[in-house]
Amino acid sequence: MAEDFGRDIGAAERMVREWQDRAAEKAEKFTRLQQQVENIAVTESSRDGAIRVTVASSGMLQDLQLADNADNRPMARLGADIMRLVQQAQAKIPGQMQQAVEDTVGMGDSAAQHVLDQARRHFPEPPPEEEPPARGGGRNEIRTPVEDTAQPPRRPQPPQQSPGRRRPDDFDDEDFGNGSFLR
């Protein structure tokens with residue numbers, strides 16, 4: 001019986017060592033995954049090359065470059081183009097993260113799957129690109145005026161004199177009606 005106990009302890013020790021080895025290996029893989037994800041950056045450019053954006057794996061804008069010909073568009077259009085490019089770059093982050101997962105921990109890991117699911121949720125596909133309206137002969141648009149509900153600014157009213165105060169033309173040196181000679 002004593003020798004069975006010794007074998008059981010040895011088997012338990014081997015099992016614990018194997019768990020430790022697997023945990024250390026998994027930790028090393030996740031460290032590599034983290035490093036690869038931190039190094040992800042996606043760059044998108046407009047068709048004419050006037051706008052170039054770079055987005056980090058967090059989705060944050062890292063770089064924005066505007067060429068000289070970017071100023072030939074209306075500011076609203078420029079802003080919309082920049083936002084569209086940022087969204088296009090963000091939409092590519094989950095794919096790059098998936099590649100990093102495949103290269104390190106593997107797609108079978110549930111924690112890695114959770115990270116990928118979160119990335120897909122935070123960085124969905126961008127809306128389709130809108131074509132700029134054609135000049136002359138494009139589609140007909142009916143524009144309805146937007147009702148302005150804002151109130152016009154109020155003019156400041158001149159301060160009203162309180163009934164107890166005298167106007168300068170009513171000044172009388174001898175009148176101390178309010179009990180004070182200081183004015």
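Two residues are in contact when heavy atoms of theirs lie within 4.5 Å, and by that criterion 50% of the contacts in the protein chain between residues at least 6 apart in sequence join residues at least 24 apart. The structure is a predicted model, and its protein chain has 183 residues, of which 21% count as buried.

**Overall layout**
- The protein chain contains four helices and three strands, and these elements follow the pattern α-β-β-β-α-α-α when read along the sequence.
- About 15000 Å² of accessible surface is found for the protein chain, and carbon and sulfur atoms account for 51% of that surface.

**The largest nonpolar core**
- In the largest nonpolar core there are 23 residues, and Ile51 and Met97 are those with the most contacts inside it.
- Two or more residues of this core come from each of H1, strand S2 (51–56), helix H2 (75–91), helix H3 (93–103) and helix H4 (110–122), with H2 giving the largest share, five residues.
- Once neighbours within four places in sequence are left aside, Met97 is in contact with Val37, Ile40, Val115, Leu116 and Ala119.

Notes. Residues are numbered from 1 along each chain as its sequence is written. This is a predicted model: local features need pLDDT of at least 70, side-chain atom pairs count only at pLDDT 80 or more; totals for chains, interfaces and linings use all residues. Side-chain values use heavy atoms; hydrogens and water are left out. A nonpolar core is a set of buried Ala, Val, Leu, Ile, Met, Phe, Trp, Tyr and Cys residues joined through side-chain atoms within 4.5 Å. Buried means under 20% relative accessible area, exposed over 50%, partly exposed in between (1.4 Å probe, protein chains only). Accessible areas come from the Shrake-Rupley method with a 1.4 Å probe; for residues, only the protein chains shown count as cover.
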